[in-house]
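Open your viewer, switch to a cartoon view and keep the selection tool at hand.

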Amino acid sequence: KQCQSLASPAAEFLTTPIGEGCRLLGTLAKREFKLIDASNPKKGVEMKYSDGDQCDQGNKRSVTIKFECNQQMGGLGDFKSVDGQGTCDYVYHYQTQYGSKMSSRMFCPLANF
């Protein structure tokens, strides 16, 4: 889905009393992919998109998606929670059995998630 005529990996779509709209939470040009905890790779990986729409006090919106290891999860996993709603920085927690597999086979699918 496009937001503001742009293809965005992270957008928030809103319905308000005055109509519908959207906010860019981040862009593909500003993305970062790393371990959640460099001292413990089994915790999983995270992807952060930044340089989204203007927020408060000159800050720009961003979103981090944490793929947290949970070997008990079947299929692709399960969305667990979101932190920071209504702020400039959102954090989505997604538990999956694939978050801990540190191989190029796993990075490619997550990079395109």
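Start with β4 and strand β5 (residues 44-51): the two run antiparallel and are joined by six bridges.

Before going on, some ground rules. This is a predicted model, in which local features need pLDDT of at least 70 and side-chain atom pairs count only at pLDDT 80 or more, while totals for chains, interfaces and linings use all residues. Residues are numbered from 1 along each chain as its sequence is written, and side-chain values use heavy atoms, with hydrogens and water left out.

Next, select residues 10-16 and 19-35. These are strands β3 and β4, an antiparallel pair with seven bridges. A hairpin of two residues connects β3 to β4, and Thr-16 sits opposite Gly-19 in β4.

Six bridges tie β5 to β6 in the antiparallel sense, and Met-47 faces Ile-65 in β6.

Zoom out for the whole sheet. Six strands make an open sheet with mixed pairing, in the order β3-β4-β5-β6-β8-β7. Colour β3 and β7 (78-83): each is at an edge with a single partner strand, so one side of each has no neighbour in the sheet.

Show side chains for the largest nonpolar core, which has 10 residues, including Ala-10, Leu-25, Val-45 and Val-63. (Such a core is a set of buried Ala, Val, Leu, Ile, Met, Phe, Trp, Tyr and Cys residues joined through side-chain atoms within 4.5 Å; buried means under 20% relative accessible area, exposed over 50%, partly exposed in between, with a 1.4 Å probe and protein chains only.) β5, β6 (62-69) and β8 (89-96) each supply at least two residues of this core.

Which aromatic pairs are there to find? A search of the whole structure gives two. (Rings of Phe, Tyr and Trp, the last by its six-membered ring, pair if their centres lie within 6.5 Å; planes under 30 degrees apart are stacked, over 60 edge-to-face, the rest tilted.)

- Phe-67 and Tyr-94 are edge-to-face, 5.9 Å centre to centre with 70° between the planes. Both Phe-67 and Tyr-94 are buried.
- Phe-79 and Tyr-92 have ring centres 6.0 Å apart and planes at 50°, so this pair is tilted. Phe-79 is partly exposed at 44% relative accessibility, and Tyr-92 is partly exposed at 27%.

Notes
Pairing = 2+ DSSP bridges. Helix = DSSP H or I, 4+ residues; strand = E, 2+ residues; numbered from the N terminus.
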